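Subject: Structure handover

Hello,

Here is the structure for you to look over. My notes follow below it.

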Amino acid sequence: MRVPTRPGRTAAFLLLVATALPGLAACAGEAEAETVPAGAGSRAEVRSALVSLYAANAAGDDSGDDRDAECFADGVLERVTPAQLRDGGVLDASYEPRAEIATLDRTVAEAWTAAQMSCTDFVEESTRAQEALTKGRLDADAYATCLEGRLDEATIHDASVSTLMARWDDPAVGEMSVAQSECSVLSVPRD
């Protein structure tokens with residue numbers, strides 16, 4: 001079963017989530033700009049910012065187009081408002097993507113995860129990340145088959161939400177990390 005998503009993971013999984021949101025691991029305490037430019041926070045401006053954020057972080061992806069980024073941005077904005085993205089940790093006070101480390105609130109983490117899961121395939125994304133981590137030594141088909149056999153949609157969803165919220169102790173995060181690690185070990189030929 002292929003479960004579509006582009007969340008994160010501890011090994012390859014956390015890398016996926018971290019690339020989807022700059023500086024995911026902790027919160028920075030820097031003050032944000034008090035003045036918000038005219039037009040900031042409009043749906044069109046926020047959509048453009050989300051597309052750019054997603055596309056920039058997927059630059060290593062060889063898909064070659066922005067369809068995933070546009071799908072993601074539209075999916076997020078179907079579920080939360082620009083103000084919720086600002087208050088939830090994605091955007092700064094001027095409605096630009098945060099440059100510093102952020103932890104998302106539950107509402108935004110759920111929206112982020114749902115958008116990712118509707119736009120991309122988690123197994124494919126994880127396989128690409130593991131191929132990069134193993135410098136191409138990974139048997140991609142074996143890894144994908146292994147991962148599909150160990151993870152269900154609920155675990156992937158819960159691990160993504162918890163990772164975005166920096167809830168590293170959630171059992172789903174541990175289960176995801178173990179599955180990816182074990183599948184990687186089993187799928188890299190020994191020299």
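**Confidence**

The protein chain in this predicted model has a mean pLDDT of 81, and 74% of its residues reach 70 or more. pLDDT is the predictor's confidence in each residue, on a scale from 0 to 100. Two stretches need care. Residues 1-15 stay under 50 in pLDDT, and the model has 79 contacts for them beyond four places in sequence. Residues 17-34 are also below 50, with 47 contacts in the model beyond near neighbours in sequence. A contact here means heavy atoms within 4.5 Å. Where pLDDT is low, the predicted coordinates should not be read in detail.

On conventions: residues are numbered from 1 along each chain as its sequence is written, and side-chain values use heavy atoms, with hydrogens and water left out. Local features need pLDDT of at least 70 and side-chain atom pairs count only at pLDDT 80 or more, while totals for chains, interfaces and linings use all residues.

**Aromatic pairs**

How many aromatic pairs does a search of the whole structure find? There are two. Rings of Phe, Tyr and Trp (its six-membered ring) pair if their centres lie within 6.5 Å; planes under 30 degrees apart count as stacked, over 60 as edge-to-face and the rest as tilted.

Tyr54 and Phe72 are stacked, at 4.7 Å centre to centre with 25 degrees between the planes. This pair links distant parts of the chain: Tyr54 sits in helix H2 (residues 43-57) and Phe72 in helix H3 (residues 67-79), 18 residues apart. Helices are DSSP runs (H or I, at least four residues), numbered from the N terminus along with strands (E, at least two).

Phe72 also pairs with Trp112, edge-to-face, at 4.7 Å centre to centre and 75 degrees between the planes. Trp112 lies in helix H5 (residues 106-119), 40 residues from Phe72. Together, Tyr54, Phe72 and Trp112 form one aromatic cluster.

Tyr54 and Phe72 are both buried. Buried means under 20% relative accessible area, exposed over 50%, and partly exposed in between (1.4 Å probe, protein chains only). Phe72 has a relative accessible area of 1%. Trp112 is buried as well, with a value of 1%.

**Nonpolar cores**

Which residues have the most contacts inside the largest nonpolar core? They are Leu50, Leu85, Val90 and Trp112, in a core of 25 residues. A nonpolar core is a set of buried Ala, Val, Leu, Ile, Met, Phe, Trp, Tyr and Cys residues joined through side-chain atoms within 4.5 Å. H2, H3, H5 and helix H8 (153-164) each give two or more residues to this core. H5 supplies the largest share, six residues.

**Backbone and packing details**

Two residues deserve a look at phi. Lys135 is not a glycine, yet its phi is positive, about 55 degrees. Lys135 is in the loop between helix H6 (122-133) and helix H7 (140-150). Lys135 is exposed, with a relative accessible area of 74%.

Ala166, also a residue other than glycine, has a positive phi near 60 degrees. Its place is the loop between H8 and helix H9 (171-187). Ala166 counts as partly exposed, at 24% relative accessibility.

Is Met176 buried or exposed? Met176 is buried, at 0% relative accessible area, and belongs to helix H9. Met176 and Thr155 are 21 residues apart in sequence and 7.3 Å apart in space, C-alpha to C-alpha.

Best wishes
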